[in-house]
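Please find below a colleague's note on this entry, to be read with the sequence and coordinates open.

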Amino acid sequence: MNHASPVSMKVSLKGMSPASVKAVSPASQYERLESNIGEGTYGKVHKARDVKTGRIVAIKKAKVSAADRTVGGIGFTALREIKLMQAVKHPNVMGCLDVFADGGVIHLVMEFMDGDLKQMLEDKSLSIEETHVKCLAQQLLRGLAALHSKWFVTVMSHQQKIGRARVDR
């Protein structure tokens, strides 16, 4: 019996119908590590690993309203969040790495944050000195300036929460 090596094997889709080719889910690129690490107004957030790169990410499953489903579209709020994260590339603004639809749900793949400013401020075991406050304020203002530079001015008033602030510890 003659076995071909994996390198020399070829697969041809010629003559196959589209129905016979099973599509691979975009979600299969990510391995879920923790469920429900957070939940916002617009969806649940899960911790995952990109199986290709090993990078740890956060995946937000954006809720789709009945009205959105009937028109086959995406909600205005989710679309605004996606556009914001894709438009502003800055170390102090949460980045969107990927967006995909799976099972009728929009998934936003975002940079993973191991904590946030709200958690830091509520942690009574941490001693926050004046120098820390200055550093945190500077990071917040840099992130805000990045948003303003792309004309995302009103977004801050109703989108930005202290728990979403991306700061270094």
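The points below take up an aromatic pair and then a helix.

1. The model is predicted. The partners are Tyr30 and Phe100, which are stacked, with 6.0 Å from centre to centre and 5° between the planes.

2. The pair joins distant parts of the chain, its two residues being 70 residues apart. Tyr30 belongs to strand β1 (residues 30-40), and Phe100 to strand β4 (residues 96-102).

3. Tyr30 counts as buried because its relative accessible area, 11%, is under 20%. Phe100 is also buried, with a value of 8%.

4. Helix α4 covers residues 130-149, 20 residues in total. From its first C-alpha to its last it reaches 28 Å, close to the expected 28 Å at 1.5 Å a residue.

5. Which residues of α4 are buried? They are Leu136, Gln139, Gly143, Ala146 and Leu147. These residues lie on the same side of α4 because the arc they cover around the axis is only 105°.

6. A backbone detail remains for checking. Trp151, which follows α4, has a positive phi, near 70°.

Definitions and conventions. Residues numbered from 1 in each chain as written. Predicted model: local features only at pLDDT ≥ 70, side-chain atom pairs only at ≥ 80, totals over all residues. Heavy atoms only, no water. Phe/Tyr/Trp six-rings, centres within 6.5 Å; stacked < 30°, edge-to-face > 60°. Helix = DSSP H or I, 4+ residues; strand = E, 2+ residues; numbered from the N terminus. Buried < 20%, exposed > 50% of the residue type's maximum accessible area, 1.4 Å probe, protein only. Expected span 1.5 Å × (residues − 1). Arc of directions from axis to C-beta.
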